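Hi,

Here is the structure I said I would pass on.

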Amino acid sequence: MKAGLMMLALPVAALLMGAGPVPQVPDLGPQLERFTYPWPVQTMEVDIVGTPAQMAFMDIAPQRPNGRTVVLLHGKNFCGATWGSTARALSEVGYRVIVPDQIGFCKSSKPRNAQYSFEMLATFTKRLLESRGITRATIVGHSMGGMLAMRYAILYPASVDKLVLVNPLGLKDRGEEGVPYTDVDTLWANEKKTSYASIKAYQLENYYHGVWKPSYDRWVWMQAGMYQGAGRDTVALAQAKTSEMIKTQSVAHELYRITPSTTLIIGTLDKTAFGRAQAPANLRKFLEPVPMVAPRAVKQMPNANLVMLDGLGHSPQVEDPARFEKTLLAVLGTRSR
């Protein structure tokens, strides 16, 4: 049985709201070698400090092309596969859809000598699109992928048709709120403690406002499965380094540089405030989550508007795919079928 199907067959009722023991997490491999994506996965080779690495991606061709391309950028605790429903909805109305896994994540390489930056990830994404013959596209980024999408738009504004940011991180410099710097070794030690239970508890509280659906479990299995077996240390180090990247490379002071037409799609119940875990206990409750930050941030962007999705959290594309896809297609000026 393929891993992607195996996870769906595992019992989930006992996992909800902490009821019963958690079944053993399958070893899916540090590059999700044993997790099935919804479309064929290809790779592009890149160089990381003299070491070859592979950037995985899906390139989904529509049956009736409309001549436009959408690029879907995943968040830190997500993968390209998480965009499956969104990619399908876009393809059905004629969009070519490119869904990369960034270096350090999911099915892509996690080189230990990598020094991560949003500039590096944006450059590789641009190179990927050029290798596929794409010079201009709509860029959609979720969570950390929203930070990457903003950096991409700053670096390559002429290559961006439209920019869509879904509950993005980076709209506020958390250091200004008092969140201290945490070194990679400390972050790495914490990442090594990652488990199915810790992933689910974090997402339940911050992403899904205390309401869990069985459909979310597949994505927790996906993330937890990378931490099993011999690749655990490598995955933990990549996650630690990219956490430092998010903390130290905020886009908040450069929002005025984001010139393409931009829409922020924000689930109003999102409780995410990146860095809360590293903040002093007496500060945590004062850290503003994404929905509180977004209305001020959008005013700093020259050509942006805000769409609030009441009743949804950090991952509206996962929580309510139909509602999210209808909203996204409206933003893109396309009717759903």
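Histidine 209 sits in the loop that runs between helix H6 (196-206) and helix H7 (217-225); helices here are DSSP runs of H or I with at least four residues, strands are E runs of at least two, and both are numbered from the N terminus. Before I go on, this is a predicted model, so local features need pLDDT of at least 70 and side-chain atom pairs count only at pLDDT 80 or more, while totals for chains, interfaces and linings use all residues. Residues are numbered from 1 along each chain as its sequence is written, and side-chain values use heavy atoms, with hydrogens and water left out.

Back to histidine 209: its phi is positive, near 40°, and the residue is not a glycine. Its relative accessible area is 22%, so histidine 209 is partly exposed (buried is under 20%, exposed over 50%, partly exposed in between, with a 1.4 Å probe and protein chains only). Asparagine 167 also has a positive phi without being a glycine, at about 40°. You will find asparagine 167 in the loop between E6 and H5, and with a relative accessible area of 0% it is buried.

**A buried serine**

Serine 108 lies in the loop connecting strand E4 (96-100) to helix H3 (118-131). It has 0% relative accessibility and therefore counts as buried. What does serine 108 contact, leaving aside its neighbours within four places in sequence? The list is Gln31, Gln54, Met55, Ala56, Asp101, Gln102 and Ile103, where contact means heavy atoms within 4.5 Å.

**Salt bridges**

The whole structure has 15 salt bridges, each being a side-chain nitrogen of Lys or Arg within 4 Å of a carboxyl oxygen of Asp or Glu. One of them pairs aspartate 161 with arginine 136, with the closest N and O atoms 3.9 Å apart. This pair links distant parts of the chain, 25 residues apart: aspartate 161 is in strand E6 (residues 160-166), and arginine 136 is in the loop between H3 and strand E5 (137-142). Both ends count as partly exposed, aspartate 161 at 30% relative accessibility and arginine 136 at 43%.

Another joins glutamate 288 to lysine 172, with 2.8 Å between the closest N and O atoms. These two are 116 residues apart, with glutamate 288 in the loop between helix H9 (281-284) and helix H10 (290-298), and lysine 172 in the loop between E6 and helix H5 (184-191). Glutamate 288 is buried at 16% relative accessible area, whereas lysine 172 is partly exposed at 23%.

Arginine 174 and glutamate 177 also form a salt bridge, at 2.6 Å from N to O. Arginine 174 is buried, with a relative accessible area of 11%, and so is glutamate 177, with 15%. Through shared partners, salt bridges tie Lys172, Arg174, Glu177, Glu288 and Arg296 into one network.

**Helix pairs**

I looked at two helix contacts. Two packed helices are described by the angle between their axes and the distance between the axes. The axes are lines fitted to C-alpha atoms, for helices over the stretch in contact, and angles run from 0 to 180 degrees between N-to-C directions.

The axes of H5 and helix H8 (residues 232-248) come within 8 Å and cross at roughly 130°. That makes H5 oblique to H8 (under 35 degrees is roughly parallel, over 145 roughly antiparallel, 65 to 115 roughly perpendicular, and the rest oblique). From H5, Val184, Leu187, Trp188 and Glu191 meet Asp233, Ala236, Leu237, Gln239, Ala240, Lys241, Ser243 and Glu244 of H8.

For H2 and H12, the axes come within 10 Å and cross at roughly 45°, and these helices are therefore oblique to each other. Ser85, Thr86, Ala89 and Leu90 of H2 make the contact with Pro321, Phe324, Glu325, Leu328 and Leu329 of H12.

Which residues of helix H2 (residues 84-92) are buried? They are Gly84, Thr86, Ala87, Ala89, Leu90 and Ser91. Their cover includes strand E2 (51-60), strand E3 (69-73), E4, helix H11 (316-319) and helix H12 (321-331). After H2 comes glycine 94, with a positive phi near 110°.

Cheers
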